[in-house]
Amino acid sequence: MTGLLSEAADLAEQAAGQPLSPWGYWYTSAFFSVQQGIVWRYLGARDDRANNRALRLLTAGIAGASEDARGSDWHGRHLVHLAVAHQQAGDTSTARSVLDEARAIADATASLPLAGQVTEAVRRLSVTA
């Protein structure tokens, strides 16, 4: 599995130097970092090293999001993944803070799916805290 993830990371790095098409404007280094971070976050549920990698990738990818993207529904979903990774690392304070950011986006965009993801993450956080 990690061999395929390494290959995906290499391909994402190669793609970063290519011009973006009008219909693929979001295929940035930040986007690929988040996508890899999400995969590592799931693996991190059982492996601390994988979760640490998820935290690094998600944090870098989220920080690299454009100003326009920061208020979007999908950015909020990325924040939920980051919060879960923090929770898996035992950092419930940061997880709650990140979920507050995601909740604000859900409210601002009136996104019911994002609101549901935030609510579920908060519930899981409350069970483990």
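This briefing covers the salt bridges, a helix pair and a surface patch of the structure above. The model is a predicted one, and a search of the whole structure finds 3 salt bridges. Helices α3 and α4 pack at an angle of about 150°, while Tyr25, Trp26 and Tyr27 form a nonpolar patch on the surface.

- Glu120 and Arg123, which both lie in helix α6 (residues 112–128) and are 3 residues apart, meet through their side chains in a salt bridge with an N to O distance of 2.5 Å.
- Glu120 also forms a salt bridge with Arg124, with the closest N and O atoms 3.4 Å apart, and these two residues are separated by about one helical turn because they are 4 residues apart in helix α6.
- Through shared partners, the salt bridges join Glu120, Arg123 and Arg124 into one network.
- Relative accessibility is 43% for Arg123, which therefore counts as partly exposed; Glu120 is partly exposed at 30%, and Arg124 is partly exposed at 34%.

- Asp73 forms a salt bridge with Arg77, the closest N and O atoms being 1.9 Å apart, and both residues lie in helix α4, about one turn of the helix from each other.
- Arg77 has a relative accessibility of 30%, so this residue counts as partly exposed.

**Packing of α3 and α4**
- The axes of helix α3 (residues 48–63) and helix α4 (residues 73–88) are 9 Å apart, at an angle of about 150°, which means that α3 is roughly antiparallel to α4.
- The crossing of α3 and α4 is left-handed.

**Nonpolar surface patch**
- Together, Tyr25, Trp26 and Tyr27 have about 340 Å² of accessible area.
- Trp26 lies in the loop between α1 (2–16) and α2 (29–43), and counts as partly exposed because its relative accessibility is 32%.

Note on methods:
Residues are numbered from 1 along each chain as its sequence is written. This is a predicted model: local features need pLDDT of at least 70, side-chain atom pairs count only at pLDDT 80 or more; totals for chains, interfaces and linings use all residues. Side-chain values use heavy atoms; hydrogens and water are left out. Patches are made of residues with over 30% relative accessible area and no salt bridge: like charges are joined within 9 Å, nonpolar side chains (Val, Leu, Ile, Met, Phe, Trp, Tyr) within 5 Å. Accessible areas come from the Shrake-Rupley method with a 1.4 Å probe; for residues, only the protein chains shown count as cover. A salt bridge is a side-chain nitrogen of Lys or Arg within 4 Å of a carboxyl oxygen of Asp or Glu. Buried means under 20% relative accessible area, exposed over 50%, partly exposed in between (1.4 Å probe, protein chains only). Axes are lines fitted to C-alpha atoms, for helices over the stretch in contact, and angles run from 0 to 180 degrees between N-to-C directions. Angles under 35 degrees count as roughly parallel, over 145 as roughly antiparallel, 65 to 115 as roughly perpendicular and the rest as oblique. A crossing is left-handed if the near helix is turned anticlockwise from the far one by less than a right angle, and right-handed if clockwise.
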